[in-house]
Amino acid sequence: MGDIKKIAIANRGEVAVRIIRACQELGLESVLLHSKADINSRAYRMSDAQICIGDSPVGESYLSIERNIDGALAAGADAVHPGFGFLSENADFAQALQDANIDFIGPSPEAIRTMGDKIAAKKIIAKANVPSVPGYNGADQSPEALAKEAEKIGYPVIVKAAAGGGGRGMKVIVDSTSAIEMIAAAKREGLSAFGSDQVFLEKYLNRAKHIEVQIFGDLSGNVVHLFDRECSVQRRHQKIIEEAVSGSISHELRSKMTDAAVKLAKAVKYVGAGTVEFLVQDDEFYFLEMNTRLQVEHPVTELVLGVDLVKAQILNQMNRFNVWEQDLLIPRGHAIECRLYAEDPFSVGMPSTGTIGFQSWPDAPGRRFDYGYEAGDAVTPFYDSMMAKIIVWDETRSRAISKMLKTLDETILFGVKSNIPFLKQILSHPEFVDGSFNTQFINQHFAEGAIPFNNSDQVSAIGEMCIDKIADVAPGSQSFKSPWAQSWSNT
Ligand code: ADP
C-alpha cells in the first residue's frame, strides 16, 4: 500500500483497455501481462509496455498465478489490477502478490477467501440478520444425504459448488428421480473446476429477479453503497443485459438491501469495489453471494452516478481516496448495458471466431463502447466470447431502451457473427419493456436463441408491442404508466 507508479494488468480484452484508460488518466504506467494470442489486441497496442506470460490456453497464461507474479516482477510493477474473471477472486494470487511486495488492487486475501466460500459468506450474512435463499449447507456431503435434504426443501432445488462462480458448478434439480446423480455430478464439476467438491443446496426460486448492490470501502473503514443494478436477463445463469438502477424494487426494499450490503462489507473489513448479489421474489430479498472485484456491468453504475470505479479502486489502493459521501450519491436517469458476444445469435450462443474485418461504433451523446478488438484482430476460441460492451444512458428507462436499439442498429461489425439480433429482440420484448421479466425470461421466450427472421409473425409481434410502449414515452407524455419511466424522469 503506498505510492503506485506502474500497474500490471493481469487480464485481457475490454477490461484491460478500461484499466489502461484509468492509468492514462491518472498519469500511471500500464504493463499488459498477456498471452501469445493477444499480441494483436487493442489492449496490447494501448498499454505502455507488454510482457508475454505464456501460451494462449488460459491455464498457461491468464489463470497461472506463477506466470502473472513473474510477469509483474519482471515489469517492476508496484501493483496489479486483476480486472474480473481469471485470477480476480483468487485469494492465493492476492496473497502471493502481497508476499512479493506488490499491491493487489482489491480487498485483502482474507476477505476474498471468506467471500469466495459461498457457505462461509452465508454464515456471516446470517449474523447480520440478512436472509439467504433457504436451503441446506450442512456438513453431511454424501449425495444420498444431500438428496434427502433436497426432498425436505422441496423441489425445484439448485445444487451449487461452495467455491463455484461464473454460472458454473450449479444444477437445477426438478424432482427426486435424478437427484443423486445430479448432486454427484455437481460435486465432480466443483472438484475439477474449483478444487473442492463441497456443495450446498438452495430452494430454486423460479420467479426471481437478480438485483445486486455495488459497494465500496476505503482504507479508513468507511463503506458506502452505490445503489443497485438489475441483471435478470440471463442465459445459463450468466448475465446478458444489465441496468442501473432497478425499477422493480420499492424504496423500502432498496433501503433494506443496500443496508444489508454495507453491513456485510463492514463485517469483513472490505476494501475497494465489491458487489453483493441478491435474488428478489415477492418483495422479499435473499442473499446469493458477494463478488470481491469489479463487475463486468460496473459501467451502468458509473453512468447513473457519475463516478469512475476503476480510478477509485486505484486511488484507494494508493490511500489517496476519500470514499464518496453517501448522501451525495444520487442516481440520475437510467443506464443499460448489453454484452456483445461473438456468437451465432440463432443457435443458442454457438461461439463465432474469426478476424474482425471492419467495425464501427456509432458514437453519440449518452453512448459508451467498451471494446477489446479492432479491425485485423482475431477472436479466437481460447477465451470468453464477450468482445465488447455497449452502454447507454438516457433520462428515462424507455428512452434508454430506444437509444440502445438505435445504437445496436447502427453498430457495424464484419468478420464474426454477433448477438446483436438477439439483443434487439430481447430489448423489444414486451416483458422486457414493461419490466416484468425475471431470470427465467430467456428460457421462457428465447430458449433457442434469437427467433429467425423467416418466423416473421413472431418477430413483428415483438416489434409492434415494443414500438407501442416506447412511443408512449415522448417527453411530457402522460400516458406511460411504467414506474421505471416515472420514478426517474423527474429526478
Ligand atoms: P455464480 O457465482 O456462478 O454467478 P450465483 O450464485 O451468483 O452463481 O447465481 C447466478 C445466477 O443463478 C443467479 O443470478 C440466478 O439467476 C441463478 N440462481 C442462483 N441461485 C438460485 C436460486 N436459489 N434460485 C433461482 N435462481 C438461482
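Predicted model: local features only at pLDDT ≥ 70, side-chain atom pairs only at ≥ 80, totals over all residues.
Local features were considered at pLDDT of at least 70 and side-chain atom pairs only at pLDDT 80 or more, whereas totals for chains, interfaces and linings use all residues. Residues are numbered from 1 along each chain as its sequence is written, and side-chain values use heavy atoms, with hydrogens and water left out.

R18 is placed in helix 1 (residues 13–26); helices (H or I, at least four residues) and strands (E, at least two) are DSSP runs numbered from the N terminus. With a relative accessibility of 9%, R18 counts as buried, where buried means under 20% relative accessible area, exposed over 50% and partly exposed in between (1.4 Å probe, protein chains only). Its side chain forms a polar contact of 2.8 Å with the side chain of D308 and another, of 3.3 Å, with the side chain of H298. A polar contact is a pair of N or O atoms within 3.5 Å; within protein, one atom must be able to donate a hydrogen and the other to accept it, and residues adjacent in sequence count only if both atoms are side-chain atoms. When neighbours within four places in sequence are set aside, the residues in contact with R18 (heavy atoms within 4.5 Å) are H298, E302, D308, L309, V310, R368 and D370.

Helix 1 also packs against helix 11 (residues 309–317), the two axes coming within 9 Å and crossing at roughly 60°. Axes are lines fitted to C-alpha atoms, for helices over the stretch in contact, and angles run from 0 to 180 degrees between N-to-C directions. Helix 1 is therefore oblique to helix 11, given that angles under 35 degrees count as roughly parallel, over 145 as roughly antiparallel, 65 to 115 as roughly perpendicular and the rest as oblique. The crossing of the two helices is right-handed, that is, the near helix is turned clockwise from the far one by less than a right angle. Helix 1 contributes R18, I19, A22, C23, E25 and L26 to the contact, and helix 11 contributes L309, V310, K311, I314 and L315. By class, this contact comprises eight nonpolar, three charged and no polar residues; Ala, Val, Leu, Ile, Met, Phe, Trp, Tyr, Cys and Pro count as nonpolar, Asp, Glu, Lys and Arg as charged, and the others, Gly among them, as polar.

Cis peptide bonds occur between Y155 and P156, with omega near 0°, and between A244 and V245, with omega about -15°. P156 belongs to the loop between helix 7 (143–153) and strand 7 (157–165), while V245 is in the loop between strand 12 (238–244) and helix 9 (251–267).

N129 is located in the loop between helix 6 (118–127) and strand 6 (135–136) and counts as exposed at 70% relative accessibility. D283 occupies the loop between strand 13 (272–281) and strand 14 (284–291) and, at 56% relative accessibility, also counts as exposed.

L264, in helix 9, is buried, with a relative accessible area of 2%. Apart from neighbours within four places in sequence, L264 is in contact with M115, I124, I125, V276, F287 and M290. From L264 to T439 the C-alpha to C-alpha distance is 24 Å, at a sequence separation of 175 residues.
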